[in-house]
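Here is a friendly briefing to read alongside the model. Have the sequence and the 3D view open as you go.

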Amino acid sequence: MATLRLVLVFTLLGCWFSGWAQRKAITFYDHIEPIVHTHCTPCHQPGKAGPFSLITYADVAKRAKFVGKVTQSRYMPPWQADRAFRSFANERGLSETEIETIQQWIGGGMAEGRPRRQPAPVAVGPNPPRPPDLSLTMRSAYAIPGDNSEQFRFFNVPTNLPKDTYVAAIEFVPGNHQRVHHSRVMADTTNEIRAMDGLSEADPNVRQFQTKPLADEFLYGWVPGNFPVFFPPGTAKKLYANTDLILNIHYAPSALAQTDQSTVNLYFAKGPVEREVRTLTLTENHVSNQPFYLPANTRPTFYMSSGVLPEAISLISIMPHMHTLGQRFKAFAIVPGGDVVNLIKIDRWDFRWQTTYQFQSLVQLPKGAVILAEATYDNTADNPENPSRPPRDVTYGWNTTDEMMNLVMYYVTYQAGDEKVELGPKATSRR
Ligand code: HEC
């Protein structure tokens, strides 16, 4: 009897122990696949911007060391803004636990485990809820040279809109995912910039076009993995009749000659538009320590101010913009009474990952508030991103060898209850 009891106790203990061991062992299918399918596949799958797929066990095991490195350093998934300063609706990132789980999986020999009956779905990123109302594709395919050169090109895409039109969402779809590194979309109502179509930034004729005042200097910015911009219900952005879109596209270097014909999709507002989305852009003209001039071998910091806001507004999104000399960017608002509203802080600026940061809910700035920003640049030879060797004096311009200091914010006039309006792709098309 005593023996039987002992056997029973040991059997139970054994069961408990093996269950514990199973719970503890980190396997690809139980622990890693869900992380990768949520946070990596939006870009690391065929046809997307990531240079290779990270979907299957073989994909991930093959590059496990690299994956461990880039997740631990928080280089991947890419996200520039300081989360502690302000969090956003379209935020990307792994939790400390997820980063640690990946480390333990690699350290433990990358166990595969058994596929789950229902594997985590491969996330592709949020898609707009319906087909676009107007798809605007570049007039002709651009032949990207295969000579390992970077290409910065301008394209002019007429909308031919017969009347002023409200858009509820804007999406950029690269024609060539491998080569289109980023794109900036501007809106022109003069129709006098059409001859710029296809020109290189280096073309001397480009300067003359840049003197035309644009209706919108920054309608939308796209980088790999950026979501379409959705405006909150009841609000929309106005595009004037006959607007031309101007695309400024950066193509990554490659030894392969390829083509690109990218598209901008517009989603028209369907319901009544109660409030028009406006763009508040702080530019080099708002710099208080003028001139905006970056002499060779210096590391200047510039400060800018919106001036006192004449009305209460609600911010939808924010996007700082600098070129390759940019190092740090910070923006905040001071409201009457002295409180500070954090807007965005980027300590390790990376020209390649410029995102439209979408607030989690509308950010109210009362009448009398002031938006302030500061940006630091490094125009020395120590900056590995400096396009000029040796460094040269740099001033304002659209070209990548020039510099910019922009802070682009979408906003609507404030309305009671705005603080509760949820924003971003999660609010619009829940996954
Ligand atoms: C928003 C799109 C995006 C997401 C999300 C993303 N990546 Fe990437 N990843 C890229 C692009 C684009 C590159 C190539 C450019 C570069 O290396 O900067 C890249 C490069 C890499 C590299 C090579 C780095 C190098 O130095 O060559 C690794 C490894 C990697 N990603 C792993 C991951 C992992 C793991 C995840 C998820 C935890 C992830 N990525 C999420 C877009 C993304």
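In strand S17, Asn 342 is the bridge partner of Phe 332. Strands here are DSSP runs of E with at least two residues, helices are runs of H or I with at least four, and both are numbered from the N terminus. Two strands pair if DSSP finds at least two bridges between them. This is a predicted model, where local features need pLDDT of at least 70 and side-chain atom pairs count only at pLDDT 80 or more, while totals for chains, interfaces and linings use all residues. Residues are numbered from 1 along each chain as its sequence is written.

**Strand S16 and its partners**
- S16 pairs with strand S17 (residues 340–346) in the antiparallel sense, over six bridges.
- These two strands form a hairpin with five residues between them, and Gly 337 in the turn has a positive phi of about 105°.
- Strand S16 (residues 326–334) also pairs with strand S19 (residues 370–377), again antiparallel, over eight bridges.
- Here Gly 326 stands opposite Tyr 377 in S19.

**The four-stranded sheet**
- Four strands make an open sheet in the order S3-S9-S5-S6, with antiparallel pairing.
- Strand S3 (151–158) and strand S6 (216–222) are the edge strands, each pairing on one side only.
- On average, neighbouring strands of this sheet are turned by 20° against each other, direction ignored. For such angles, axes are lines fitted to C-alpha atoms, for helices over the stretch in contact, and angles run from 0 to 180 degrees between N-to-C directions.
- Strand S5 (residues 180–188) and strand S9 (residues 244–251) run antiparallel and are joined by eight bridges.
- His 182 stands opposite His 250 in S9.

**Domains**
- The protein is divided into domain 1 (2–107), domain 2 (127–268) and domain 3 (274–431), with bounds from an automatic or database domain assignment.

**Helices H2 and H5**
- The axes of helix H2 (residues 28–39) and helix H5 (residues 96–107) come within 10 Å and cross at roughly 130°.
- That makes H2 oblique to H5 (under 35 degrees is roughly parallel, over 145 roughly antiparallel, 65 to 115 roughly perpendicular and the rest oblique).
- In this contact, His 31, Ile 32 and Ile 35 of H2 meet Glu 98, Thr 101, Ile 102 and Trp 105 of H5.

Definitions and conventions:
Two residues are in contact if their C-beta atoms, placed from the backbone, lie within 7 Å.
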